[in-house]
Amino acid sequence: MNYYFSLIFKTISFLLILLLLLSVGSHLFHPKDNRMESGMEELAANGILGEKKDSIDVLFLGDSEAVSSISPMELWNKYGFTSYVCATSGQSLYTTYRFLVRAFQNQSPSVVVLETDALFQGISFQSCLLSEASIYLPIFQYHDRWKSLTLKDFTASITYTWTDDWKGYNSSTDIKAADAAGYMIPSDHIQEIEPLTALYLRRIKKFCQSRSVSFLLVSTPSTKNWNYPRHNGVVQVAAKENLPFLDLNLITDTLAIDWNTDTRDEGDHLNNFGAKKVSLYLGEYLKKQYVLEDRRNDSAYQSWKLAPNGFIAGYQTMCVLFPY
Amino acid sequence: MSYCTSPYLFLFLPAALLLYHIAPQRIRPILLLVINYCFFWIVSGSLLTYLLFSTLSVYGIGLCLSSVQKKQELILKVCNKEEKHHRKMIYKKQQRMILFLGILLHAGILLVLKYGAFFCFNLNVFLNFFHAPIDIPVPSFLLPVGISFYTLQAISYLADIYRKKISADTNLLRFALYMSFFPQIMEGPICRYTETSSQLWNCKRITYQNLTFGIQRILFGMLKKVVIADRLNIVIKTVFDDYSQYNGSIIALAAMFYTCQLYMEFSGTMDVVIGSGELFGIKLPENFRQPFFSKSISEFWTRWHITLGSWFRDYIFYPLSMAKFMKHPTALIRKYLGNNYGIIFSASIALFCVWFCNGLWHGAEWKYVFFGLYHFVLIFLGNLIKPLSLRITEKIHSPLSSIAMTIFTTIRTTLLVCIGELFFRASSLTDGLLMFKKIITDASFSPLFDGSLLGLGMDRNDFGITAISLMIVLSVSLLKERHLSVRTILADQRLPVRWAVYYALILYIILFGAYGDGYIPVDPIYADF
């Protein structure tokens with residue numbers, strides 16, 4: 001009995017000390033600011049960390065489709081609610097979940113929108129475990145920072161100071177026409193969503209439910225990444241989880257998407273012109289479906305009125321070229 | 001789920017250990033078998049049926065062989081002298097036939113699943129060359145993970161019964177445990193029946209020493225795999241995927257890096273495998289014994305993938321070199337060229353077969369066949385000049401020259417191994433040859449020093465940490481070579497010292513491991529074989 005007691009005591013002590021070391025290491029290796037020079041990764045998406053507390057109304061999640069199709073500044077200009085695209089290229093749903101948790105540490109949006117291309121990104125159990133561990137012990141995510149540690153990392157506390165002028169959106173005026181010949185041909189075939197992805201979708205849903213936040217699935221137009229089997233797959237999972245799903249790929253005519261001018265890379269992603277059309281439609285939809293305040297006259301949102309120079313220039317160019 | 005991944009190390013293995021520990025002794029073998037099959041099912045899904053079929057059929061064939069042997073013993077006891085020889089021949093023939101059918105069945109499954117497509121593809125190429133109007137469809141099969149390993153275990157079991165080294169197991173559960181032990185089913189080591197079956201059946205209880213030794217071994221394996229092998233993969237992938245862009249010296253360096261990666265990856269995984277076995281109190285055979293201290297290619301292969309080498313030695317080399325049909329030509333060569341050449345002749349024929357099979361065992365591609373035959377040529381030449389080199393060594397014998405000779409032969413062997421591994425890693429034999437040609441014809445050392453190295457995906461810090469990690473592995477290897485066990489030395493230390501070492505090792509792996517964002521996950525290399 002003594003042998004087992006001693007063994008259990010030793011094991012617990014060993015693990016507790018290890019946990020302590022990892023916690024200390026996590027603080028040490030965690031970037032002290034959300035800037036590149038501080039070692040922060042995925043800058044645009046992590047720009048949300050520098051936003052004023054509880055200042056974001058709508059949080060967009062997803063992969064590069066979200067980054068290139070939804071322009072928060074466009075939504076602000078037209079509808080007056082604040083939003084942020086917390087998305088990264090090739091993002092799997094476990095990373096989406098990590099971003100969601102992190103975003104809610106400082107924000108309390110009333111709507112969370114997931115761009116559904118992320119539901120079809122590859123996912124592995126190994127990566128999920130690592131991602132889960134990173135939520136509690138960031139050393140697993142930032143371990144590579146041993147290459148750039150400075151004295152400041154040992155002494156400073158974590159303060160996020162940087163915000164992205166584009167609010168997570170990736171601006172591009174490049175035009176590379178798409179061949180939309182085989183795009184969205186109706187089919188009964190269903191592309192199933194992987195069980196692990198479905199599990200994370202449920203977690204995101206529960207996370208939103210627990211905070212009384214509306215959760216919406218949206219698919220933005222892409223000839224390369226979207227098709228009917230995928231649409232059917234999301235319809236199936238949305239019905240099962242009782243989630244609203246808006247597939248903009250089905251209404252590209254209503255959106256007036258022109259595949260000759262509105263894509264930056266042959267239909268893979270939209271450019272500013274396509275993003276404007278999608279954002280305006282989506283803004284209208286969100287405004288109708290959810291209670292989103294117009295904050296354009298609110299002095300607390302002064303910083304949002306100072307739109308990025310690039311945005312103004314791009315916006316003006318767009319208005320001249322495509323005065324929709 | 002490979003062995004060096006978090007699902008295995010943090011979920012499957014602890015769960016298996018816990019279940020094993022809390023289960024009563026009498027049901028542990030059944031539980032272990034269930035765990036083994038669960039693991040195989042997670043990795044290979046419904047292909048588990050192949051393993052079940054192999055287990056049942058080998059078990060049955062083993063019993064058949066054994067019953068013939070028993071019958072033979074009984075009959076021979078009551079036979080007179082004249083009849084004895086005749087009966088012996090009959091039973092021998094029966095046993096040989098059963099063994100042949102058993103090997104044919106299991107090697108046949110392996111051949112069809114693993115080499116069917118390769119054979120049909122090359123047959124089509126051959127037929128096309130002669131403008132034959134036939135196009136054989138190339139089959140495509142799903143390959144159960146570890147089939148190359150457990151098939152060799154099955155064959156060794158049958159051959160050992162035939163040779164009366166062991167008796168057939170009458171206990172199906174014990175035999176199934178031998179065939180399916182989860183830590184070694186994917187990448188070996190290739191165990192003999194006598195090495196693991198009784199250990200697996202006895203199902204010892206988990207002890208503190210087993211736990212600590214097992215965890216130490218696993219941690220050391222993870223250091224090799226995650227810190228060194230996976231980090232080197234960045235440069236290797238960059239160069240091998242687009243070798244035409246690089247100078248010969250960079251390609252040569254990438255080949256050396258690959259040799260290092262392969263060793264760190266495979267031996268690291270073996271550490272995890274053997275460590276996992278140790279947790280359960282099962283001692284698995286070693287697969288590596290400091291191979292880069294070898295002074296010849298022959299010696300290298302007695303230190304690298306030891307269980308595969310010894311399998312080929314026992315079940316291909318010896319039977320072939322001692323076969324009846326070899327005796328006559330060997331005797332003739334002995335008579336005309338001398339004793340030495342007679343031995344070399346018979347050994348070389350068997351060696352050729354061993355290395356042809358060894359190459360092919362690694363994969364159904366010509367580059368692997370070339371890899372095998374490359375080593376055959378090196379060993380054959382080594383055997384030919386052995387008398388001469390021995391004479392030279394004796395003549396220049398002095399302590400200093402002996403050290404110089406050791407250093408020279410060790411470096412030479414390592415370089416020869418690196419050349420072989422270049423072909424092993426190349427996308428195809430043609431690419432391997434082109435890369436080797438570049439090393440010969442386009443070798444300039446300037447890219448190694450002008451900063452080009454830093455453009456291959458690894459920065460100065462990466463090179464630094466790889467070098468430090470290699471020094472750690474080298475230090476442990478040097479101690480092992482001198483028969484000093486680091487683990488025993490560590491076990492003799494006080495608890496704070498031991499724990500400090502463990503924490504240092506764990507944090508070292510977590511901090512300097514090449515995993516997570518920015519790194520491409522590296523699949524286990526040997527699981528594909």
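The expected span of a helix is 1.5 Å times one less than its number of residues, and helices themselves (H or I, at least four residues), like strands (E, at least two), are DSSP runs numbered from the N terminus. The views below come from a predicted model, in which local features need pLDDT of at least 70, side-chain atom pairs count only at pLDDT 80 or more, and totals for chains, interfaces and linings use all residues. Residues are numbered from 1 along each chain as its sequence is written, while chains are lettered from A and ligands numbered from 1 in the order in which they are written.

**View 1. Helix 14 of chain B, residues 339–362.** From first C-alpha to last, the 24 residues of this helix reach 34 Å, close to the expected 34 Å. Its buried residues (20 or more other C-beta atoms, placed from the backbone, within 10 Å of their own) include Trp355(B), Trp361(B) and His362(B). Look around them for helix 5, helix 12, helix 13 and helix 15 of chain B, which are among the elements covering these buried residues.

**View 2. The largest nonpolar core.** Such a core is a set of buried Ala, Val, Leu, Ile, Met, Phe, Trp, Tyr and Cys residues joined through C-beta atoms within 7 Å. This one has 125 residues, and Leu158(B), Val239(B), Ile251(B) and Ala254(B) touch the most other members. Helix 10 of chain B gives the largest share, 18 residues. Zoom in on Ala254(B): leaving aside neighbours within four places in sequence, its contacts (C-beta atoms, placed from the backbone, within 7 Å) are Val235(B), Ile236(B), Val239(B) and Phe240(B).

**View 3. Strand 2 of chain A, residues 83–87.** All 5 of its 5 residues are buried, so the strand is largely enclosed by the rest of the structure. Ser83(A), Val85(A) and Ala87(A) point one way, and Tyr84(A) and Cys86(A) point the other way. Strand 1 of chain A runs parallel to strand 2, joined by 5 bridges; two strands pair if DSSP finds at least two bridges between them. Gly62(A), for instance, has Ala87(A) as its bridge partner.

**View 4. Where chain A touches chain B.** Here 17 residues of chain A are in contact with 18 residues of chain B. On the chain A side, helix 1, helix 6 and helix 7 each give two or more residues, and helix 1 gives the largest share, 5 residues.

**View 5. Ser244(B), in the loop between helix 9 and helix 10 of chain B.** Ser244(B) counts as exposed (12 or fewer C-beta neighbours within 10 Å) because it has 9. Its C-alpha atom is separated by 8.6 Å from that of Lys438(B), 194 residues apart along the chain.

Methods: Contact = placed C-beta atoms within 7 Å.
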